[in-house]
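Subject: Structure for you, with notes

Hi,

Here is the structure I promised. My notes follow below it.

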Amino acid sequence: MGQLGAGLRDQLGRLSLPSLPTLGRKVELPVYLIHNSIDPEDYFFIFDFEDFVEHARSGVFVRPSIRIWAGRDDFERRQFARHMRTSFAAEFEAARAQLAAQDGKSQGWFGFLKSSLGDVGSLSGFVSNVVLLVALSAGKLAFKQILPAGWLEGKSDKQRLEQGIEETKAKVDEALADVNITLHIELYRHAYRGHQPGRLSGMDYEAWPLPANVAAHLNDGISTSWW
């Protein structure tokens, strides 16, 4: 078994134990789904990693909790799940790279597995999907459910990693397709601007106003993160 496979076997074998890693306090990770037009399938995401990153600087593995805000929720859920998963992975990697550049190293979830495996190209995508699964499963860190049974047996290092990634993606997509989406009145007005308003069910009328950095980027049209 090569260095990659050996490292994964060592790290992930130990991670099947419930005490590793030890999760800190629950941290909400808000996601804002912004519609570009009246088309329900035309949208992008803004991810708020601020609190998440601050804990990562201290090397803390927080218990992430995804909260998705939108102006409407009548879009196709499977397409939404794939779109959010890929956007989240890209922005997670961007945050990891920026954190590493600022602090000299990435920590917490952003450094997860990299200390022993080095900079493996597809590893950040795998870790971002693990974070999503933890956030979408009521905080339960069930690695035995994330990784396929016997995934270290009978395959090359690359195949093992690819199998783990693909099965994790499928589980993330399934969880995201069923995730609860909360409507925000400001995002609702933005989604239906100049058109007949849609239904209001699912609206949180007591929600705080949008953060200034989110409100300032409602017309950007490109998924991004701010922290």
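β3 (residues 61-70) and β4 run parallel and are joined by three bridges. Strands here are DSSP E runs of at least two residues, helices are H or I runs of at least four, and both are numbered from the N terminus. Two strands pair if DSSP finds at least two bridges between them. Across the β3-β4 pairing, Ala-70 stands opposite Leu-183 in β4.

Before the rest, some ground rules. This is a predicted model, where local features need pLDDT of at least 70, side-chain atom pairs count only at pLDDT 80 or more, and totals for chains, interfaces and linings use all residues. Residues are numbered from 1 along each chain as its sequence is written, and side-chain values use heavy atoms, with hydrogens and water left out.

**The sheet**

The strand order is β4-β3-β1-β2-β5. The sheet is open, has five strands and shows mixed pairing. β4 (181-183) and β5 (224-226) are at the edges with a single partner strand each, so one side of each lacks a neighbour in the sheet. Neighbouring strands are turned by 30° against each other on average, direction ignored. Axes are lines fitted to C-alpha atoms, for helices over the stretch in contact; angles run from 0 to 180 degrees between N-to-C directions.

Helix α3 (residues 77-103) packs on this sheet. It touches β1 (23-35), β2 (43-48), β3, β4 and β5. Contact means heavy atoms within 4.5 Å. The direction of α3 makes about 45° with that of β2.

**Strand β2**

β2 pairs with β1 in the antiparallel sense over five bridges. Tyr-32 stands opposite Ile-46 in β2. β2 also runs parallel to β5, with three bridges. There, Asp-48 stands opposite Trp-226.

Is β2 covered on one face or both? Both. Tyr-43, Phe-45 and Phe-47 are buried on one side, and Phe-44, Ile-46 and Asp-48 on the other. Buried means under 20% relative accessible area, exposed over 50%, partly exposed in between (1.4 Å probe, protein chains only).

**Aromatic rings**

A pair of aromatic rings is described by the distance of the centres and the angle of the planes. Rings of Phe, Tyr and Trp (its six-membered ring) pair if their centres lie within 6.5 Å; planes under 30 degrees apart are stacked, over 60 edge-to-face, the rest tilted. The count is 15 aromatic pairs.

Tyr-43 and Phe-45 are edge-to-face, at 5.7 Å centre to centre and 80° between the planes. Tyr-43 has a relative accessible area of 5%, and Phe-45 has 0%. Phe-45 also pairs with Phe-80: the centres are 6.1 Å apart and the planes at 50°, so this pair is tilted. Phe-45 lies in β2 and Phe-80 in α3, so the pair ties together parts 35 residues apart in sequence. Phe-80 is buried too. Ring pairs link a cluster whose members include Tyr-43, Phe-45, Phe-80, Phe-88 and Phe-110.

Ser-137 sits in the loop between α5 (123-136) and α6 (143-146). Its relative accessible area is 29%, so Ser-137 is partly exposed.

**Whole chain**

There are nine helices and five strands. Of the 227 residues, 48% count as buried. Among contacts with a separation of 6 or more, 74% are between residues 24 or more positions apart.

Best wishes
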